[in-house]
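Reader: I am new to protein structures and would like to learn how to read one. Could you walk me through this one?

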Amino acid sequence: MAPSDTTVQIRRAPALSRPEIHSLNAGFETAHPSRIIRWAVNTFGSNLALATSFSDTLLVDLALQVDPDIEVVFLDTGFHFAETLDVLRRAQVRYEMNLRVERPDPATADLWASGTDACCAARKVAPLDQALSGKTAWLSGMRRADSATRTETPIVSIDRRGLTKVNPIAAWPTHDVESYMEAREIIVNPLGDDGYDSIGCWPCTERAAVGCETRSGRWAGTARTECGIHL
């Protein structure tokens, strides 16, 4: 059950100014993710969504304790590992999710062999744009500890769509993350124990090299570090 002080207020969210965003980031730097999510729910109401890749259910677990009705968006690219889809199925058993599965246009070609940019644009970026078209804000599971390119990840920002993007676990210390996941028995993708530190679509995901940073197994051999949904 959600705490009594987390009632969702269904209203159109006001635009956030730069000073407001700066103030929010400063105030949330050491805040528990639940507090950040509660602010987002109370601020944006039904105009808020959560996007997850189901590499685990950490953010889903946190958010559903605040608002059981929040829309959970999963981008089914058509190229997910079987293990990832199993995490999704297990999550559906454990949680009563308001789940939205967004898929690419049925006519989308298999572009991964000819270029990851085009493939990600068609199978991830465009579907997420569609899923968020009626929203004013969304929750993402980005963490600064993910990689060197994410060390400056803000907790609150405005994305390329003009939507407020909230990363509740961006600054959450790893030891706190691990303690929470153990206590809550968070569902995790077993590929993580098999050397896949960051899990995306199977054509573009490899085991991370020993001693390399977490996301080194994604788009290996290229300069690419993101699929485009976080731009």
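Author: Helices (H or I, at least four residues) and strands (E, at least two) are DSSP runs, numbered from the N terminus. This is a predicted model, in which local features need pLDDT of at least 70 and side-chain atom pairs count only at pLDDT 80 or more, while totals for chains, interfaces and linings use all residues. Residues are numbered from 1 along each chain as its sequence is written, and side-chain values use heavy atoms, with hydrogens and water left out.

Reader: In which helix is H22 found, and is H22 buried or exposed?

Author: H22 lies in helix α1, which covers residues 18-28. Buried means under 20% relative accessible area, exposed over 50%, and partly exposed in between (1.4 Å probe, protein chains only). The relative accessibility of H22 is 61%, so H22 counts as exposed.

Reader: How far apart in space are H22 and P154?

Author: Along the sequence, 132 residues separate H22 and P154. In space, C-alpha to C-alpha, the distance between H22 and P154 is 9.5 Å.

Reader: Which residue in β6 is the bridge partner of A137?

Author: Strand β4 (residues 137-139) pairs with strand β6 (residues 164-166) in the parallel sense, over three bridges. Within β6, the bridge partner of A137 is T164.

Reader: Are α2 and α3 oblique or roughly parallel to each other?

Author: Axes are lines fitted to C-alpha atoms, for helices over the stretch in contact, and angles run from 0 to 180 degrees between N-to-C directions. Helix α2 (residues 33-44) and helix α3 (residues 58-66) pack at about 55°, with axes 9 Å apart. Angles under 35 degrees count as roughly parallel, over 145 as roughly antiparallel, 65 to 115 as roughly perpendicular and the rest as oblique. The two helices, α2 and α3, are therefore oblique.

Reader: Which residues of α3 make the contact with α2?

Author: Contact means heavy atoms within 4.5 Å. From α2, the contact is made by P33, S34, I37, R38 and V41. On the α3 side, the residues are L59, L62, A63 and V66.

Notes. Two strands pair if DSSP finds at least two bridges between them.
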